Amino acid sequence: MSMEIRVDRERCAGSSLCMSYLPAVFDQSDDDGKVLLRTPVPGADLAEAVKGVAARCPTGAITLHARDAQDA
């Protein structure tokens with residue numbers, strides 16, 4: 001089972017913590033400073049890092065959702 005990342009740009013405070021911790025997955029908009037998602041379905045090698053970033057998000061704008069094999 002893999003995970004899907006979702007971001008709520010309305011909740012994002014633009015702190016850029018996610019981007020600084022994991023730039024392969026997260027970016028920051030030049031227009032409004034809010035999170036942009038580069039990789040919505042990261043590989044298993046990034047799973048623990050993504051969980052850590054989501055837990056550190058100060059506004060809870062990053063959420064993780066399980067994906068079944070049939071969703072791939």
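Reader: What is the relative accessibility of Ser16?

Author: Ser16 counts as partly exposed, a class that runs between buried (under 20% relative accessible area) and exposed (over 50%), with a 1.4 Å probe and protein chains only. This is a predicted model, in which local features need pLDDT of at least 70 and side-chain atom pairs count only at pLDDT 80 or more, while totals for chains, interfaces and linings use all residues. Residues are numbered from 1 along each chain as its sequence is written, and side-chain values use heavy atoms, with hydrogens and water left out. The relative accessibility of Ser16 is 25%.

Reader: Where does Ser16 lie, and what is its phi?

Author: Ser16 belongs to the loop between strand E1 (2–7) and H1; helices (H or I, at least four residues) and strands (E, at least two) are DSSP runs, numbered from the N terminus. Ser16 is not a glycine, yet its phi is positive, at about 65°.

Reader: How much space lies in the largest cavity?

Author: A cavity is a set of points, on a 1 Å grid over the protein atoms alone, where a 1.4 Å probe fits but cannot get out. Grid points are joined across faces, edges and corners, and the volume is the space filled by probe spheres set on the points. The count is 1 cavity of 30 Å³ or more. The space in the largest cavity is about 140 Å³.

Reader: Which elements give two or more residues to the lining of the largest cavity?

Author: The lining, made of residues with an atom within 4 Å of a point, holds 19 residues, and those nearest the centre are Cys12, Ser15, Ser16, Cys18 and Cys57. The elements that contribute two or more residues are helix H1 (17–21), strand E2 (26–28) and helix H2 (47–56).

Reader: Are Cys18 and Cys57 buried or exposed?

Author: Cys18 has a relative accessibility of 11%. For Cys57 the value is 18%. Cys18 is classed as buried, and Cys57 also counts as buried.

Reader: Which ring lies under the charged end of Arg56?

Author: A charge sits over a ring if NZ of Lys or CZ of Arg is within 6 Å of the ring centre and within 35 degrees of the ring normal. The charged end of Arg56 is 4.9 Å from the centre of such a ring, and that ring belongs to Tyr21.

Reader: What separates the C-alpha atoms of Ile5 and Thr39?

Author: Along the chain, Ile5 and Thr39 are 34 residues apart.

Reader: What separates the C-alpha atoms of Leu36 and Arg6?

Author: Leu36 is located in strand E3 (residues 35–37). Its relative accessible area is 34%, so Leu36 is partly exposed. From Leu36 to Arg6 there are 30 residues along the chain, and the C-alpha separation is 10.0 Å.

Conventions: On a 1 Å grid over the protein atoms alone, a cavity is a set of points where a 1.4 Å probe fits but cannot get out, and a pocket is an open set with protein on both sides within 12 Å along at least five of seven lines; lining residues have an atom within 4 Å of a point.
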